[in-house]
Amino acid sequence: MIELLASRYTYVLMFVLLGIGIYMTIASENLVKKLIGVNLFQTAIFLFFISMAYIDVEGASAPIVPHHGEPGEVMVASPLPQVIVLTAIVVGIALTAVGLALIIRIYSEYGTLREDTLREVRADE
Amino acid sequence: MNSGLVDLLPPLLIVAPILAATLPIALGLRFDRTGWSVAAITTAGLFAAAGYLASAVHAGGRVTHTLGGYPRTYGIQLVADQFSILVVLLVTGVATGVLAYTRRGGPRGNTFYTAYLLLVGGLLGISLTGDVFNLFVFLEISSLATYALVSSGDGPESAVAALKYLILGTVAASMYLIGVAFVFMATGTLNMVELAEAIPNAERQTLIQTGFAFIVVGFATKVAQWPLHSWQPSAYEQAPDGATPLIAALVSTASAYAFGRLIVTVFEVDYLASMPRAASIVLTVGCVSVLAGTVLAVIQREVKRMLAYSSVSQFGLVITAYGVVIAGGSETAFTGAAIHLVGHGILKAGLFLSAAIVATSYGARTVDEYAGLAKRRPVVAGAMAVLLFALVGVPPAVGFVGKWYIALGAVEAELWPVAAVIFLSTMLTLAYAARLLEKMYFTPAAGAASARGHGPDTVATDGGDENGDKGREDLASDDGAVETPLAAGVSYDPTGGPGRDGSGRSPDPVSNGMVAVIVVAAIVAVALGFAGGTFADFLEPFLTEVFN
């Protein structure tokens, strides 16, 4: 168990981060913090992808082809997760931008960032 | 296997709308109204290309394109086969139809058409991709465009609805991504065909089961299954009237298609059947959504909200069909799911367009306000009645064919509770459809005037109490073909929420073209019902390949 934790500690970290992210999304009343929670949640998944590539190949280095060294001598992490995470990060940025734009609109219309206040304001109307 | 031009069509179908999406904004710097023309040319071209691709697929089997020439083990492959081409035809067809409506009725402005084209591009990407990670990217592209479309409604409520949708939709897509991560960890590939070979042979089966669990949760949210549907009614209700038909008909449909694709192509039916509790979980999610969705639809007062909850139950039927496919390996149920996806897309587009027309001309949004519609607008009411009956599943409409195949599959697989749920949901669907039909055909319009008489101040803005009332009398005797200026004035009755149609335009009477679109939708819904057998024949090569 200890050994497993020692070698797989990144996975544990990622899932703690994932939990914090989803908890923030659900529990925080502040809309901006909610969005930060979503971001944290996504980032945890990105890191999960990255660490996965390193752990499956023992002692791997970054997936950049070295200009010295014999072929087969250097262990390289799988580049595929890194490439797809790059795409996922771009998607995440776009989502954050749209989310923040919506929050700005909500703030200018209702004058609040808190979800509970927002609920009251909308119920009054 | 195919050569030349056909091979290039799948990437073209995705790239063309996304590139064209930049044009309305770019041209908008110089010219005022280019958005619609650009969108019209693009979607019409896409529809033609989809038709050509469909004939090629029908004649020669699946068409594949390897992007950039990288082998599929680490590159991205685009695949058009019998199942995906159905969704491609639906997406392009509905997009063209809704676009025809928005020329007169819909939201205007170049940014709207940019989002429109982006959405179409994303949805076509979902349909055509052969790579599970690429599927995530396209899911997010189409979702981003949908958030923008939902928030383009005029009222501040639309921003709240869009933000709710954004947070839930993002978490859902992330859940799917976690599922992909687990499956990738166990197999080391992202291509659907490669995955199908690698999954049963993978060493770490627990990873794959966990991955499938995450994927189910992700898609249950994206497809709006109870209890994860809560984003959907407010998003559909708050979106501009011209955008709701597109979103309602296509966005969840594409997600449901993707889920079906993962079940039959990636995980494969035999493997899922051996996975503990996979079938029962999918079946339960579907059946509960069918019942919860219809019950919630029955108690709604707003027509758009009612139709939104009805989507929850109709997609529940599709997910139930997938459950039957897993549990019983039933080809029939899968055919039913495919037909129901296409049929429901057309029906919901038609129904939301009708609701948009009624809202544009009378500001009527609740079921009560639909009273006497048959007298005032016989054509709209007629088309709406046909669409509602099709939704209930009255033969020969397409709604019946899909349900029939699903129910038949359930009976063949001896899943009697599922058959009972389908029967019960039909009854409940009839309950809310009948409520609307009764209002339209058998309640006199005078009832409507008193029903929405709670706004003398609003009438005053239309030029005085008496005039307003007279306008309504005119309306009541109007046969619907001719619009009086007064009737146009009444259309801004803010009991329905002013400008929630999100266009901020001056009062426009409903054009014949707008009515023609929903009449075409109704005709297509019935015609496709007669073509049910053709659907099954068309899917046959795909089914024999998948179910061996």
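A polar contact is a pair of N or O atoms within 3.5 Å; within protein, one must be able to donate a hydrogen and the other to accept it, and residues adjacent in sequence count only if both atoms are side-chain atoms. Such a contact, 3.4 Å in length, links the side chains of Gln77(B) and Asn191(B). The model you are looking at is predicted, with local features needing pLDDT of at least 70 and side-chain atom pairs counting only at pLDDT 80 or more, while totals for chains, interfaces and linings use all residues. Residues are numbered from 1 along each chain as its sequence is written, chains are lettered from A and ligands numbered from 1 in the order in which they are written, and side-chain values use heavy atoms, leaving out hydrogens and water.

Let us stay with Gln77(B) for a moment. Gln77(B) lies in strand E2 (residues 77-80) of chain B; helices (H or I, at least four residues) and strands (E, at least two) are DSSP runs, numbered from the N terminus. Gln77(B) counts as buried because its relative accessibility is 10% (buried means under 20% relative accessible area, exposed over 50%, partly exposed in between, with a 1.4 Å probe and protein chains only). Beyond its neighbours within four places in sequence, Gln77(B) is in contact (heavy atoms within 4.5 Å) with residues including Thr64(B), His65(B), Arg72(B), Leu128(B) and Asn191(B).

Now for the helices. Two packed helices are described by the angle between their axes and the distance between the axes. Axes are lines fitted to C-alpha atoms, for helices over the stretch in contact, and angles run from 0 to 180 degrees between N-to-C directions. In chain B, the axes of helix H1 (residues 5-20) and helix H5 (residues 110-128) come within 7 Å and cross at roughly 160°. H1(B) is therefore roughly antiparallel to H5(B) (angles under 35 degrees count as roughly parallel, over 145 as roughly antiparallel, 65 to 115 as roughly perpendicular and the rest as oblique). Among the residues making this contact are Leu13(B) and Ile14(B) of H1(B), with Leu117(B) and Leu128(B) of H5(B). By class, the contact has 10 nonpolar, two polar and no charged residues (Ala, Val, Leu, Ile, Met, Phe, Trp, Tyr, Cys and Pro count as nonpolar, Asp, Glu, Lys and Arg as charged, and the others, Gly among them, as polar).

H5(B) also packs with helix H3 (residues 35-60) of chain B, at an angle of about 15° and with the axes 8 Å apart. H3(B) is therefore roughly parallel to H5(B). Here the contact includes Trp36(B) and Leu46(B) of H3(B), and Tyr113(B) and Leu117(B) of H5(B).

Ala145(B) sits in helix H6 (residues 132-151) of chain B. Ala145(B) is buried, at 3% relative accessible area, and touches Ala115(B), Leu118(B) and Leu119(B), leaving out residues up to four places away in sequence.

Finally, turn to chain A, which has five helices and zero strands. Of its 125 residues, 34% count as buried.
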